[in-house]
Amino acid sequence: MTTGGDKPFISVHPDDLKFIFELEKQSFCDLKVANNTEHHVAFKVKTTSPKKYFVRPNTGVIQPWDSFVIKVTLQAQREYPLDMQCKDKFLVQSTIVPPPANVDELPPDTFNKDSDGKVIQEMKLRVVYMPTSTTQGNLEDEVLLKGSEKSPDANSAVQLLEDERDAAVRQTQLLQQELDLLRRRRYRKTDSGFSLMFAFVVGLVGIMIGFLLNLSLSSPSTE
């Protein structure tokens with residue numbers, strides 16, 4: 001959003017400053033500022049949190065139809081913002097200056113709005129934090145930790161459910177062991193019955209063969 005004139009002196013890309021947020025690590029975002037006029041345009045970058053961000057250069061002069069890249073650095077942070085929401089804002093001011101213009105030669109009142117006949121345009125940019133997968137996981141851990149700290153009853157309920165689950169698992173294992181034992185006993189009984197029956201049949205066949213042999217030997221010869 002640009003204020004201070006109908007046609008913007010400059011255009012800024014991207015519209016928002018997006019930083020990949022990681023604890024204890026710096027993050028960077030480049031702003032491309034383009035001069036949309038045939039004049040020399042001076043710019044100045046301000047922020048609502050100057051201690052958190054390092055802007056280089058924060059002031060400069062862009063030649064007609066030229067562009068410039070501003071590097072913005074988010075300093076390493078020690079804690080996560082609430083819900084990863086950032087309320088920081090940036091303001092980019094721009095005004096036409098007479099040639100030849102050099103940033104070191106700009107008057108101190110270059111960006112003062114009360115100067116006679118001077119048009120100061122302003123463009124507001126918001127800051128967006130982009131979480132990484134690690135950041136997201138850490139945030140979820142923090143949420144779970146805070147939830148557990150605030151809900152002791154929930155912890156007790158979870159522990160009770162885990163105990164019941166473990167008891168059910170142990171009961172299932174015991175039932176499985178008993179079932180396996182019954183199967184083995186049944187197999188042994190079946191195997192024993194089969195052995196006795198086989199021995200009985202073999203003995204009976206042996207008796208019958210012996211009887212037939214005795215009968216054949218005791219029969220008188222026909223010769």
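Me: Which residue in S9 stands opposite Phe43?
Reply: In this predicted model, the residue of S9 that stands opposite Phe43 is Ser94.

Me: And how do S5 and S9 pair, parallel or antiparallel?
Reply: S5 and S9 pair in the antiparallel sense, and eight bridges are found between the two strands.

Me: What about S9 and S10, how many bridges there?
Reply: S9 and S10 also run antiparallel, joined by six bridges, and within that pairing Lys89 has Arg126 of S10 as its bridge partner.

Me: Is S9 mostly covered or mostly open?
Reply: S9 is mostly covered, with seven of its nine residues buried.

Me: Switching to the core, how many residues are in the largest nonpolar one, and which have the most contacts inside it?
Reply: The largest nonpolar core has 27 residues, and those with the most contacts inside it are Leu17, Phe19, Tyr53, Val72, Phe90 and Tyr129. Among the elements that give two or more residues to this core are strand S3 (17-21), strand S5 (40-47), strand S9 (89-97) and strand S10 (121-131), and the largest share, four residues, comes from S10.

Me: What does Phe90 contact, leaving aside its neighbours within four places in sequence?
Reply: Phe90 is in contact with Leu17, Tyr53, Val55 and Val72, with Val45, Lys46 and Thr47, and with Met123, Lys124, Leu125 and Val127.

Terms used. Residues are numbered from 1 along each chain as its sequence is written. This is a predicted model: local features need pLDDT of at least 70, side-chain atom pairs count only at pLDDT 80 or more; totals for chains, interfaces and linings use all residues. Side-chain values use heavy atoms; hydrogens and water are left out. A nonpolar core is a set of buried Ala, Val, Leu, Ile, Met, Phe, Trp, Tyr and Cys residues joined through side-chain atoms within 4.5 Å. Buried means under 20% relative accessible area, exposed over 50%, partly exposed in between (1.4 Å probe, protein chains only). Contact means heavy atoms within 4.5 Å. Two strands pair if DSSP finds at least two bridges between them.
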